[in-house]
Amino acid sequence: MSTESLARLASETIDHRFKGLPPDADGLTVGELTAQRRNLFTSGFATPVLALSAERLEHNLRLMETYAERHGLAFAPHGKTTMAPQLFQRQIEHGAWGITLAVPHQVRVARAFGTERVFLANELVDPAALRWIAAELAADPAFRLICYVDSVRGVRLMDAALAGAERPVDVVVELAAGEGARTGVRTEAECAEIAGAVARTGTLRLVGVAGYEGEVPGATPERVHAWLRRLVALAVDLDKAGLFSATDEIVVSAGGSAWFDAVADVFAEIPELSRPVLKLLRSGAYVSHDDGHYRKLTPFNRIPEEGALEPAFRLWAQVVSRPTAGQAFVNAGKRDAAYDLHLPFAQVVRRDGAERPAAGIEVTALSDQHAWLSTSGEADLEVGDWLGMGLSHPCTSFDKWPLIPVAEADGTVVEYIRTFF
């Protein structure tokens, strides 16, 4: 990562583009505002405001670093979750091999901040994007990009777009997780055909196999393990056929945020191949974790002896209407909170500097700029109170906030995370 590019983020001016920040901070740079170490609750932040826990971010980063090391896995966390180069940098500092991304725009963001290793978990056939990547590879010998191929036609389109490129683009054959799953090659015979097509080009280099076990239909531990063993067997077969002769290491990659324990189990079984194997895990949601979807799905529920991730997001909103004893409204809605998987979860109420559990309060619906609350008799809630809510699905939480304060447990804001969606 480029420390110079990251440092420039501190020189960005605070203004109307960044919701939730103190209005009296307009005209300050991000670095100047950071140096003031303002308090999230008492120093002028305006609701709604999304905050990340400094302590929980660090805990999650350390936990996954330790997990990958313990299981002999390289780690390329999926950057599309956060699209935050500052967090990319921290992930790399915590041992990440590189960053996984999904589309060319995301690669451009990563490269603008000096990311040297990118795993593009998608087939890339756009000529303009391929030519840009070829230029990046030519200009920077340290830059490495690996992307999917999942069709012979895709190989041909890539080859045509990359004609004359100085360096080949590294590719892995994507094995589909099953019939009806998302992208990827459905049969091993087709995988071998595609691998052969890659070998006949001069612009692409076959370096391994990959896929996404989260798409296994009707996923159970047994089905996920079985598909991962298919992926490993595919790597073995392609290696026996001599199709990895152009590479120094063989990449075998899988691993979303729901089944990385299965990946660790099966990748531990990979036999000796003709070249060293890079066992590449790609889980991304762990950085912030969440209070809904991933809280239920995290493999640490199955392996508690290995630790536990902690939800780092909290969305703060203010009660702006209390029309009846059974109803209230806060000033955060669909524009502020993820709602594609679950509604936000009412967690704590703040009044006059004191914080208490949000007993008897439930978020029942979202409008564009309001959350609808159902309140029972035990709910102690008044207009002006701050309500802290947990969120579900980090990928649709980060993308609503271009500048996110990171607060310590006492509310002191120690950093601002810039996102680029």
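**Charged pairs and a helix contact**

Reply: Let us begin with one side chain, keeping in mind that this is a predicted model. Arg-90 has a relative accessible area of 17%, and because buried means under 20%, Arg-90 counts as buried.

Me: With which residue does Glu-58 form a salt bridge, and where do the two partners lie?

Reply: Side chains of opposite charge can pair when their charged atoms come close. The two partners here link distant parts of the chain, since Glu-58 belongs to helix H3 (residues 54-70) while its partner sits in helix H4 (residues 85-93), 32 residues apart. The closest N and O atoms are 2.8 Å apart, and the partner of Glu-58 is Arg-90.

Me: Is Glu-58 buried or partly exposed?

Reply: The relative accessible area of Glu-58 is 22%. Buried would require a value under 20% and exposed a value over 50%, so Glu-58 is classed as partly exposed.

Me: How many salt bridges does the structure hold?

Reply: The pair of Glu-58 and Arg-90 is a salt bridge, and so is the pair of Glu-382 and Arg-351, whose closest N and O atoms are 3.9 Å apart. The number of salt bridges that the structure holds is 28.

Me: Is H8 oblique or perpendicular to H9?

Reply: The axes of helix H8 (residues 188-199) and helix H9 (residues 221-240) come within 11 Å and cross at roughly 40 degrees. Angles under 35 degrees would count as roughly parallel and those from 65 to 115 as roughly perpendicular, so H8 is, relative to H9, oblique.

Me: How many residues of the contact of H8 with H9 are nonpolar?

Reply: On the H8 side the contact involves Glu-188, Cys-191, Ala-192 and Ala-195, which meet Arg-230, Leu-234 and Leu-238 in H9. Among these residues none is polar and two are charged, while the number of nonpolar ones is five.

Key: Residues are numbered from 1 along each chain as its sequence is written. This is a predicted model: local features need pLDDT of at least 70, side-chain atom pairs count only at pLDDT 80 or more; totals for chains, interfaces and linings use all residues. Side-chain values use heavy atoms; hydrogens and water are left out. A salt bridge is a side-chain nitrogen of Lys or Arg within 4 Å of a carboxyl oxygen of Asp or Glu. Helices (H or I, at least four residues) and strands (E, at least two) are DSSP runs, numbered from the N terminus. Buried means under 20% relative accessible area, exposed over 50%, partly exposed in between (1.4 Å probe, protein chains only). Axes are lines fitted to C-alpha atoms, for helices over the stretch in contact, and angles run from 0 to 180 degrees between N-to-C directions. Angles under 35 degrees count as roughly parallel, over 145 as roughly antiparallel, 65 to 115 as roughly perpendicular and the rest as oblique. Contact means heavy atoms within 4.5 Å. Ala, Val, Leu, Ile, Met, Phe, Trp, Tyr, Cys and Pro count as nonpolar, Asp, Glu, Lys and Arg as charged, and the others, Gly among them, as polar.
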